[in-house]
Amino acid sequence: MNTASRPSELKITDLRVASLKGAPFRSILIRIDTNQGISGYGEVRDGGSRDYALTLKSRILGENPCNVDRLFRRIKQFGHHARQAGGVCGVEMALMDLAGKAYGVPAYMLAGGKFRDRILCYCDTTSEPDGADMGRRLRERMDDGFGFLKMDIGLGNLKGRPDCVISPPGMQQTNSIMHPFTGIQVTEKGIGVLCEYVAAVRDVIGYEIPLAVDHFGHMGLESCIRVGKALDQFSLAWYEDMIPWQFADQYERLSHAVDTPICTGEDVYLKEGFADLFARRAIAVVHPDLASSGGILETKRIGDAAQEAGIAMALHMAMSPVAAMASVHAAAATENFMVLENHSVDDLQRWSSLVEGLPVPLIENGHIAVPETPGLGFSGLNDDMVREFADPDAPEPFGPTDEWNQLAAHDRLWS
Ligand SMILES: [Mg+2]
């Protein structure tokens, strides 16, 4: 076997972080170093804290990173739904990168091998007020080679238009109240405006390309159903996160009421978080973010569980090429995978240049090629680009983190 190191003697010696801004949002790169000169890279979910990763350092120092599942089980108690999972998931990515490098195999091999050589990507596109303009922007994406699109539709399109939205006073100005509790409803006139908008988009892009829609806004289930039924005529790829994922019974009602695939999952942590949605067959597309769902191996397990329930898996992703490549390996290794998100299409050249040893741009003709190189597939980070994307308000990239070396806690979850 041609190994990059002596895997059975590999030990973790350090964990450091670098805060990025603009790739495309705020996220934290993780670097785990070893006693054999190889390093592994991961990333904390966009919007998460450096501390989510650093608090795990004392719990993995001195351990063999190739024991990915054992270390994951040790640290997973320090994750939770949404951004709070960022440290656990980022460390898992870095362990998979290291294990792959140690054994000289791509990370997808450690997840059981691959089902495909190229990963289909869909791109987000920020909103235009006018439907025809939005259609033209999406058309440009198609001209760039994208074969799967996503846009926003919902309360945002109705802002400032009279008689479109019913709302208790002040409720449209807050985003911290869950959808069923806002009392916000959409009127028939509002639904008409949304339909005109999507019709104008479809007029430009045609009806043959998948177009997913997201960010409906915080309205109650009954308005979601009315909007969903009205938009069914446009055969959209999915309705995303119409209501919070916690309300599986409401998702079941929604799925039964409309004829478009229903999608959620980007904030759910671990396979067990998806169990109720799967058991009820409450969605048609599950949409984990690997930086919240538990990393590469757990996301494959989630995809496999979804497959048994007849549910497809798309992947949410709004981070740097590090998390993108971790997602590529999970996507390659999961049979019911459909499509992977990308938020950096308007800055693709610069974004792709953050890592070395992979094609620039990373997305070609709407796909990312599954690399055959070890670990996550890139040879390292481009230091100049890390400095360019570094958050000016954060400590220096990959500076010392010795204050996180000592464990001063008893982690056992049972007595
Ligand atoms: Mg979303």
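**Close-up views of a predicted model**

**Figure 1. Gly 273 in its helical setting.** Gly 273 lies in helix α11, which spans residues 270–279. The structure shown here and in the following views is a predicted model. With a relative accessibility of 18%, Gly 273 counts as buried, because the limit for that class is under 20%.

Figure 2. A disulfide is a covalent bond between the sulfur atoms of two cysteines. The structure holds 0 disulfides. Cys 89 takes part in none, and its nearest cysteine sulfur, which belongs to Cys 263, is 18 Å away. Cys 89 has 0% relative accessibility and therefore counts as buried. For Cys 195, the closest cysteine sulfur is that of Cys 164, at 12 Å, which is too far for a bond; the cut-off for a disulfide is a sulfur pair within 2.5 Å. Cys 195 also has a computed relative accessibility, of 13%, and so counts as buried.

**Figure 3. The second largest pocket and its lining.** Rolling a probe the size of a water molecule over the atoms shows where empty space is left. The second largest pocket contains about 160 Å³ of space. Its lining is made up of Asp 124, Thr 125, Thr 126, Arg 141, Asp 152, His 215, His 343, Val 345 and Asp 346. By residue class, this lining comprises 1 nonpolar, 4 polar and 4 charged residues. One of the lining residues, His 215, is located in the loop between strand β8 (211–214) and helix α9 (221–231). The backbone of His 215 has a positive phi of about 60°, although the residue is not a glycine.

**Figure 4. The tilted pair of Tyr 122 and Phe 148.** A pair of aromatic rings is described by the distance of the centres and the angle of the planes. The model has a count of 7 aromatic pairs. In one of them, the ring centres of Tyr 122 and Phe 148 are 5.9 Å apart and the planes meet at 45°, so the pair is classed as tilted. Tyr 122 counts as buried because its relative accessibility is 0%. Phe 148, at 5%, counts as buried. Together with Trp 238, Tyr 122 and Phe 148 form one aromatic cluster.

**Figure 5. The edge-to-face pair of Phe 181 and Phe 247.** The ring planes of Phe 181 and Phe 247 stand at 90° with the centres 6.0 Å apart, so this pair is edge-to-face. Here too, distant parts of the chain are linked: Phe 181 is in the loop between β6 (165–166) and β7 (185–186), and Phe 247 is in the loop between β9 (239–240) and α10 (248–257), 66 residues apart. Phe 181 has 52% relative accessibility and therefore counts as exposed, whereas Phe 247, at 18%, counts as buried.

**Figure 6. Arginine charges over aromatic rings.** Arg 59 lies over the face of Phe 78, at a distance of 4.1 Å from the ring centre. In another such arrangement, the charged end of Arg 412 sits over the ring of Trp 414, and the distance to the centre of that ring is 4.7 Å.

Figure 7. Most residues other than glycine have a negative phi, and most peptide bonds are trans. Ala 23 and Pro 24 are joined by a cis peptide bond with omega of about -5°. Pro 24 is found in the loop between β1 (12–21) and β2 (26–34). A cis peptide bond also joins Val 360 and Pro 361, where omega is about 0°; Pro 361 lies in the loop between β14 (355–356) and β15 (367–369). Phe 398 has a positive phi of about 55°, although it is not a glycine. The residue Phe 398 is placed in the segment after α16 (383–389), and its relative accessibility of 14% means that Phe 398 counts as buried.

Terms used. Residues are numbered from 1 along each chain as its sequence is written. This is a predicted model: local features need pLDDT of at least 70, side-chain atom pairs count only at pLDDT 80 or more; totals for chains, interfaces and linings use all residues. Side-chain values use heavy atoms; hydrogens and water are left out. Buried means under 20% relative accessible area, exposed over 50%, partly exposed in between (1.4 Å probe, protein chains only). On a 1 Å grid over the protein atoms alone, a cavity is a set of points where a 1.4 Å probe fits but cannot get out, and a pocket is an open set with protein on both sides within 12 Å along at least five of seven lines; lining residues have an atom within 4 Å of a point. Grid points are joined across faces, edges and corners, and a volume is the space filled by probe spheres set on the points. Ala, Val, Leu, Ile, Met, Phe, Trp, Tyr, Cys and Pro count as nonpolar, Asp, Glu, Lys and Arg as charged, and the others, Gly among them, as polar. Rings of Phe, Tyr and Trp (its six-membered ring) pair if their centres lie within 6.5 Å; planes under 30 degrees apart count as stacked, over 60 as edge-to-face and the rest as tilted. Helices (H or I, at least four residues) and strands (E, at least two) are DSSP runs, numbered from the N terminus. A charge sits over a ring if NZ of Lys or CZ of Arg is within 6 Å of the ring centre and within 35 degrees of the ring normal.
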